[in-house]
Amino acid sequence: MSLSTLSFAYVSDLVRRETAMLYPPEKAYLVESRLEPLARAAGARSLEAYVAQLRHDPNEQARVADALTINETSWYRDNTPFRALATDIVPALLRERSGRHLSVWSAACSSGQEPYSIAMTLEERLPQDWTTEIWATDVSPTMVERVAAGRYGQVEMNRGLPATSLVKYFTRTGSEWEVLPQLRAMVRPSVVNLIDDLPAMPRFDVVFLRNVLIYFDLAVRHEVLDRVRDVMAPDGYLVLGSSETAMDLGDRWVRETCGRLQLHRPAPYVRTPAAAPTLTATGS
Ligand SMILES: C[S@@+](CC[C@H](N)C(=O)[O-])C[C@H]1O[C@@H](n2cnc3c(N)ncnc32)[C@H](O)[C@@H]1O
């Protein structure tokens, strides 16, 4: 089954309107492969017939936008951000936050490996008398349900999770592995679309916004970054994906290097050497 140019344009416009994700024509094969199961389930004779149906069905349009999100993720993805969280960011926040509470946001969290990797890191680094909440949000309701379920198949478990963490934080349920309740209690899943007004949220000390800006055009990246900045503590830490750190972030962020990681702080930010001794400002 294949899509005409017109139908592909309709679907890519729909996804762009709903999520801001860009699907250029060379990604037509991906769109077709994701639409095929939906077309079969809807009883359509062909992809063309399905798209014709889609034009009049808002529920089906929401299903298409959900199905076309790209959810690639893994445990401790790229390692460096989680190492920096453990060895630099958390120690700095332990010194700076007298309220003994940390708020962290994994924005665009996919199926949950990122927020649960953050939860395992904090579980190991925060003193007993500190509390934490980790917001885990995504535009895809299917992904948010997966975060809430906290269950993963063996292939997913094999992607980046150290054996010691598997033994410590998961139990086996049939063919799957389930996150322990103590970790699940730290994570707060919800549907949040980064291109809409954000819901009421805490002032986040740390935001992981990784591997999602790459799908947006420059204007949307700036809008999303402004929105994220508005819910961050003025001395909070923004962690982007490894290919996103070189992006033009405008003048509202200050770049800092932390070992091999590039961090971003809301500008203006005046560093106090005692607060973050290992972080080096490199300008925006
Ligand atoms: C490639 S995954 C990245 C997951 C995780 N942050 C990581 O780095 O492993 C990108 C995620 O962004 C989500 N996404 C796409 N557009 C979004 C939007 N407008 N608002 C919120 N999430 C969005 C997708 O649903 C997908 O789960």
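I will take a helix pair and then a sheet.

What you see is a predicted model, in which local features need pLDDT of at least 70 and side-chain atom pairs count only at pLDDT 80 or more, while totals for chains, interfaces and linings use all residues. Residues are numbered from 1 along each chain as its sequence is written, and side-chain values use heavy atoms, with hydrogens and water left out.

Helix H1, residues 5-19, packs with helix H3, residues 47-54, at an angle of about 45°, and their axes are 10 Å apart. Helices here are DSSP runs of H or I with at least four residues, strands are runs of E with at least two, and both are numbered from the N terminus. The axes are lines fitted to C-alpha atoms, for helices over the stretch in contact, and angles run from 0 to 180 degrees between N-to-C directions. H1 and H3 are therefore oblique to each other, given that under 35 degrees counts as roughly parallel, over 145 as roughly antiparallel, 65 to 115 as roughly perpendicular and the rest as oblique. On the H1 side the contact (heavy atoms within 4.5 Å) is made by Ser7, Tyr10, Val11 and Leu14, and on the H3 side by Glu48, Val51 and Leu54.

Turning to the sheet, three strands form an open arrangement in the order E3-E5-E4, with antiparallel pairing, where pairing requires that DSSP finds at least two bridges between two strands. E3 (151-153) and E4 (170-173) are at the edges with a single partner strand each, so one side of each lacks a neighbour in the sheet. Three bridges join E3 to E5, residues 176-179, and Arg151 has Glu178 of E5 as its bridge partner.
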